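The tour goes from the whole chain to single residues.

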Amino acid sequence: MKLKREVKMIRKHLIMCAVMLSIFLTAKMFNYSAPSSLKTLIHIRENPKKVNIAVDNYYNSLSFADENIPLGDSRITSKMKKSLKAHSHSKLQTARLHGHASKWFPIIEPILAKYGIPEDFKYMPLVESGLKAGISPKGAAGFWQFMPQTARDFGLQVNEDIDDRNNMRKSTVAAAKYIKALYREFDSWTLAAAAYNIGEGSLKRQINRQKQDNYFKMKLNRETASYVYKLISMKEIIENPTRYGYTNKASRLLAKADTKKQPAFPYPVAKGNAPGTNELLIN
């Protein structure tokens with residue numbers, strides 16, 4: 001009697017196992033044969049994916065001469081982040097850029113304004129030369145790093161006795177004229193900046209070859225491809241210095257929030273260079 005009961009129990013267990021196995025196999029067959037849209041729906045319900053739709057508003061707000069960097073392009077955002085990091089105080093370990101800017105910006109700004117050039121171009125000589133007179137291995141010289149012939153084309157004297165490229169006011173007037181000509185050529189301030197770096201002929205060839213006239217989406221040589229990013233980075237560390245680790249007095253004076261509260265020319269300069277002298281007049 002006891003043996004019969006045990007046999008019945010075993011049969012019952014075997015039948016239950018067979019039923020469960022049958023259900024499992026049927027479900028598998030249904031899954032393989034189900035339409036892909038249904039399978040996707042089932043998968044999403046079982047294991048929902050988190051979609052990151054957050055947009056980094058800070059990086060998307062960055063611009064040069066009121067031309068914003070393109071939205072939603074991870075490659076461009078990544079390049080911008082790298083450039084900003086490279087210009088942080090922890091990387092450069094210097095506050096001299098702010099000191100030079102506080103000295104020369106009051107001279108550069110009114111000249112650019114007179115010629116209708118966006119104020120953001122005042123950061124160009126910081127990128128080109130660190131706002132220090134000097135000559136490059138290629139022969140470019142001065143605050144705006146003019147090549148000799150380009151300097152002469154825009155009214156500067158460059159000879160054995162005189163080099164106007166090292167005169168801040170004269171070279172800024174020449175740079176303003178040159179940038180304005182580049183803008184007329186390309187109808188874009190970012191392209192004008194790129195052309196200043198690579199030359200208008202080279203940039204035109206790249207635009208025609210790539211059939212693309214958005215600077216941020218073009219493929220250019222390494223220096224030119226990073227040039228506008230450097231300008232934006234320089235603008236950011238000057239206008240928002242504490243964000244990037246700059247805390248000295250010159251940094252605070254140049255910060256965006258303080259520009260209307262602080263004196264425009266906080267540091268003494270050499271005789272003849274102070275604003276208000278005849279030398280500041282733009283012809």
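**Stop 1: the whole chain**

This is a predicted model, in which local features need pLDDT of at least 70 and side-chain atom pairs count only at pLDDT 80 or more, while totals for chains, interfaces and linings use all residues. Residues are numbered from 1 along each chain as its sequence is written, and side-chain values use heavy atoms, with hydrogens and water left out.

Colour by pLDDT, the predictor's confidence in each residue, from 0 to 100. The protein chain averages 80, and 71% of the residues score at least 70. Select residues 36–55: the pLDDT there is below 50, and beyond near neighbours in sequence this stretch has 7 contacts in the model. A contact means heavy atoms within 4.5 Å. Then select residues 257–283, where pLDDT also stays under 50 and the model has 38 contacts beyond four places in sequence.

Switch to a cartoon. The protein chain has 14 helices and 2 strands; these are DSSP runs numbered from the N terminus, helices being H or I with at least four residues and strands E with at least two. Of the contacts with a separation of 6 or more, 55% are between residues 24 or more positions apart. Buried residues make up 38% of the 283 residues, where buried means under 20% relative accessible area, exposed over 50% and partly exposed in between (1.4 Å probe, protein chains only).

**Stop 2**

Select α10, residues 189–198. How many of its 10 residues are buried? The count is 9, so the helix is mostly covered by the definition above. Among the buried residues are Trp189, Leu191, Tyr196 and Asn197. Just after α10, Gly199 takes a positive phi of about 100°.

Now show the side chains of Phe121 and Trp189. Rings of Phe, Tyr and Trp (its six-membered ring) pair if their centres lie within 6.5 Å; planes under 30 degrees apart count as stacked, over 60 as edge-to-face and the rest as tilted. The structure holds 13 aromatic pairs. Phe121 and Trp189 form one that is edge-to-face, at 5.6 Å centre to centre and 70° between the planes. The pair links distant parts of the chain: Phe121 is in the loop between α6 (96–114) and α7, Trp189 is in helix α10, and they are 68 residues apart.

Tyr183 counts as partly exposed at 28% relative accessibility, whereas Trp189 counts as buried at 13%. Phe121 is buried as well.

**Stop 3: the largest pocket**

Select Glu128, Gln145, Tyr196, Asn197 and Glu223, which are the closest to the centre of the largest pocket among the 22 residues that line it. On a 1 Å grid over the protein atoms alone, a pocket is an open set of points where a 1.4 Å probe fits, with protein on both sides within 12 Å along at least five of seven lines; lining residues have an atom within 4 Å of a point. The volume is about 560 Å³, taken as the space filled by probe spheres set on the points, with grid points joined across faces, edges and corners.

Which helix gives the most to the lining? It is α10, with 4 residues. At least two residues each come from α7 (124–129), α10, α12 (222–225) and α13 (227–239). By class, the lining has 10 nonpolar, 7 polar and 5 charged residues. Ala, Val, Leu, Ile, Met, Phe, Trp, Tyr, Cys and Pro count as nonpolar, Asp, Glu, Lys and Arg as charged, and the others, Gly among them, as polar.

**Stop 4**

Select Ser63 in strand β1. Ser63 is buried, with a relative accessible area of 11%. Not counting residues up to four places away in sequence, Ser63 touches Asn68, Asp120, Ile232 and Lys235.

Move to Ala65, in the loop between β1 (63–64) and β2 (67–68). Most residues other than glycine have a negative phi. Ala65 has a positive phi of about 55° although it is not a glycine, and it is buried at 9% relative accessible area.

**Stop 5: two exposed residues**

Asp187, in the loop between α9 (168–186) and α10, also has a positive phi, near 55°. Is Asp187 buried or exposed? At 61% relative accessibility, Asp187 counts as exposed.

Finish at Lys85 in helix α4 (residues 74–86), which counts as exposed at 57% relative accessibility.
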